[in-house]
Amino acid sequence: MQQQIIFLVTSLDGMHKPNFSTQLMKALRQGHRVSVLVAMVNFEAVWTVREYLNRLAEKENRVANLNLVTLADLFEDESGLTLTEDERHAVDLTNFDERLFADNQEQVKRYLSAGHLVAELRQLDDETPMVLRQYHSDQLTQIDTYGLNGQVVSVEKMQGEVAQTSYLLNKKGEAVLRFVRHERPIEQVLNLSDSSAMIATKFAEAKQSAAAANMTKRELTKAEAAAVDHTQIVTTTEAYYGVLAYSNYRRFDDVYAFYQAVIGRLLTPDTRLYVDLAVNAVFSPQMPNQLIFNY
């Protein structure tokens, strides 16, 4: 029976896993209705996904039958907010010196002012712009990503080569979504003893079979004490994204809650959902009643 299958792509690393293409091909060969939902905060990565699927299509023509869905597709008709000139920062490239280069079957146009790089436009060809990067004092400040229709669909405001605030635009050029990057501290408990790996292995073997244990009770006690003595709590930071929808000013505390709302638009009672195993632990609690498969 034909079934709707959705592959949620939240990172390029996940897409490049062998099991992603394996499960994707399997679903297509079985004749199911397959959609690939690209839901990355790194909006320009959509072009990498398109390129990857085009390469797969050269090996398997059924790939041409899948439905590629982007956040820009889903929100193009949503009402939005007009960005200020500073937020949008649209640049007139005709004011600068243009240099044309070729890079990996793409056209690259670099725009210079007094010898300094102010913008770089990557294109598939003369008619298909992909990504525009803007620079100030040779530092990347903004990335505009284009859709297949040549219209800008997202604006990312950069600091230190990292997008801090990103806007998804509707077909009127209004902001419909805002993504803001935050950082929070996390604590990790590390065993810094030289024999920690050996201890972990020995404990695993002991749990599997007491008869086959490689350590005596005295050795177990000694190993445990050594591990405790070398334990250290290390504080690091992790990045997360808050999301604001301008159509109804609904806020999402993290991007996975937002993904749940997006997928809810596409799900039917018979939909099979695939997500990256690496994010399953944080994503599945958002959809406790949904059967989720992993790639």
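This is a predicted model: local features need pLDDT of at least 70, side-chain atom pairs count only at pLDDT 80 or more; totals for chains, interfaces and linings use all residues.
Good morning. By class, 10 nonpolar, 4 polar and 3 charged residues make up the lining of the largest pocket.

The space in the largest pocket amounts to about 480 Å³. Its lining consists of 17 residues, and those closest to its centre are A239, Y240, Y241, V255 and Y256. Which elements give two or more residues to the lining of the largest pocket? They are β12 (231-245), α8 (255-264) and α9 (277-283). Of the elements, β12 gives the most to this lining, namely 4 residues.

I turn now to the second largest pocket, whose volume is about 330 Å³. Here 22 residues form the lining, and T70, A72, D73, G147 and V153 are the closest to the centre. At least two lining residues come from each of α3, α4 (71-75), β8 (139-146) and β10 (162-169). By class, the lining of the second largest pocket holds 12 nonpolar, 6 polar and 4 charged residues.

Helix α3 brings me to my last topic, helix packing. Two packed helices are described by the angle between their axes and the distance between the axes. For helix α2 (residues 18-29) and helix α3 (residues 45-59), the angle is about 55 degrees and the axes are 12 Å apart. Because of that angle, α2 is oblique to α3. The crossing of the two helices, α2 and α3, is right-handed. On the α2 side, the contact is made by F20, S21, L24 and M25, and on the α3 side by Y52, L53 and L56. This contact of α2 with α3 comprises 6 nonpolar residues, 1 polar residue and no charged residues.

Thank you for your attention.

Technical notes
Residues are numbered from 1 along each chain as its sequence is written. Side-chain values use heavy atoms; hydrogens and water are left out. Axes are lines fitted to C-alpha atoms, for helices over the stretch in contact, and angles run from 0 to 180 degrees between N-to-C directions. Angles under 35 degrees count as roughly parallel, over 145 as roughly antiparallel, 65 to 115 as roughly perpendicular and the rest as oblique. A crossing is left-handed if the near helix is turned anticlockwise from the far one by less than a right angle, and right-handed if clockwise. Contact means heavy atoms within 4.5 Å. Ala, Val, Leu, Ile, Met, Phe, Trp, Tyr, Cys and Pro count as nonpolar, Asp, Glu, Lys and Arg as charged, and the others, Gly among them, as polar. On a 1 Å grid over the protein atoms alone, a cavity is a set of points where a 1.4 Å probe fits but cannot get out, and a pocket is an open set with protein on both sides within 12 Å along at least five of seven lines; lining residues have an atom within 4 Å of a point. Grid points are joined across faces, edges and corners, and a volume is the space filled by probe spheres set on the points.
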